[in-house]
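Dear colleague,

Please find below the structure I promised to hand over, together with its sequence. My notes on what was found in it follow directly after.

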Amino acid sequence: WEEDMDKLLLAMAITGIAFKKTYYDPSKGRNVSKLVYADDLVVNNYTRCLEDAERITEVFYYSPRKVTEMQRQKLYRDIKLGEPSAPESPNGNQSLTGTDDNTTPYTILEQHTYLDLDDDGYAEPYIVTVEKDSREVLRITACYNESGVKVDDQGEVVKIEPIQYYTKFGAIPNPTGSFY
């Protein structure tokens, strides 16, 4: 925690923004708080704050070994993904690793979004994890708990508040009011 917080403060001073992701990690069996750089978190720039975001996508990279580990722990679907391709460099010309080999990571997209999976006309908060190249869904999990479900006097669900995993650390607020 402390080392990541030091990195976060440095990144925030350099880039103007950084994030902390705090969540329960089932593969580790404990709560985790980790640094997320702005390049790895995609939020609509018209969103005023994380709590109002309809979609938050985190990009991360897992080796084939790590994906297999997640599948064996039953945290990801046990499906064949194919070979991972090396992520592109920021200029789009070459891969970051230079070659594709057995250590080349999969690009994983974890999207916090709203889906109406029960066809009741109301989209509930979910986390959908997808492998980018194959577009295969690895996991869908609820992003709310019982205390976040608000009902009216007739027992009808009127609102479901998602669990917020991310905390924004910004150096200077944008005067136009946009997110970044």
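In this predicted model, lysine 21 stands opposite tyrosine 166, a residue of strand E10. Helices (H or I, at least four residues) and strands (E, at least two) are DSSP runs, numbered from the N terminus. Strand E1, residues 17–25, pairs with E10 in the antiparallel sense over five bridges; two strands count as paired if DSSP finds at least two bridges between them.

Regarding the conventions, residues are numbered from 1 along each chain as its sequence is written. The model is predicted, local features need pLDDT of at least 70, side-chain atom pairs count only at pLDDT 80 or more, totals for chains, interfaces and linings use all residues, and side-chain values use heavy atoms, with hydrogens and water left out.

The sheet and its helix

The order E2-E1-E10 describes an open sheet of three strands with antiparallel pairing. Its edge strands are E2 (30–37) and E10 (166–170), each of which pairs on one side only. On average, neighbouring strands of this sheet are turned by 20° against each other, direction ignored. Helix H1 (residues 2–15) packs on the sheet and touches E1, E2 and E10, and its direction makes about 150° with that of E1. Contact here means heavy atoms within 4.5 Å; axes are lines fitted to C-alpha atoms, for helices over the stretch in contact, and angles run from 0 to 180 degrees between N-to-C directions.

Valine 36

Strand E2 contains valine 36, which is buried at a relative accessible area of 2%. Buried means under 20% relative accessible area, exposed over 50%, and partly exposed in between (1.4 Å probe, protein chains only). Valine 36 and phenylalanine 19 are 17 residues apart in sequence, and their C-alpha atoms are 5.0 Å apart in space. Leaving aside residues up to four places away in sequence, valine 36 touches Ala18, Phe19, Lys21, Leu41, Glu58 and Tyr166.

Salt bridges

Side chains of opposite charge can pair when their charged atoms come close. A salt bridge is taken as a side-chain nitrogen of Lys or Arg within 4 Å of a carboxyl oxygen of Asp or Glu, and a search of the whole structure finds seven. One of them joins the side chains of glutamate 58 and lysine 21 at 2.9 Å, N to O. This pair links distant parts of the chain, with glutamate 58 in strand E4 (residues 56–62) and lysine 21 in strand E1, 37 residues apart. Glutamate 58 is buried at 2% relative accessible area, and lysine 21 is buried at 3%. Salt bridges also link Lys21, Lys34, Glu58 and Glu110 in a network.

Arginine 65 forms a salt bridge with glutamate 69, with closest N and O atoms 2.9 Å apart. Both residues lie in helix H2 (residues 64–72), four residues apart, about one turn of the helix. Arginine 65 is exposed at 56% relative accessibility, whereas glutamate 69 is partly exposed at 28%. In the salt bridge between lysine 159 and glutamate 161, the closest N and O atoms are 3.9 Å apart.

Cysteines

With a disulfide defined as a pair of cysteine sulfur atoms within 2.5 Å, the count comes to zero. The sulfur of cysteine 49 is too far for a bond, because the closest cysteine sulfur, in cysteine 143, is 15 Å away. Cysteine 49 is partly exposed at 26% relative accessibility, whereas cysteine 143 is buried at 2%.

With kind regards
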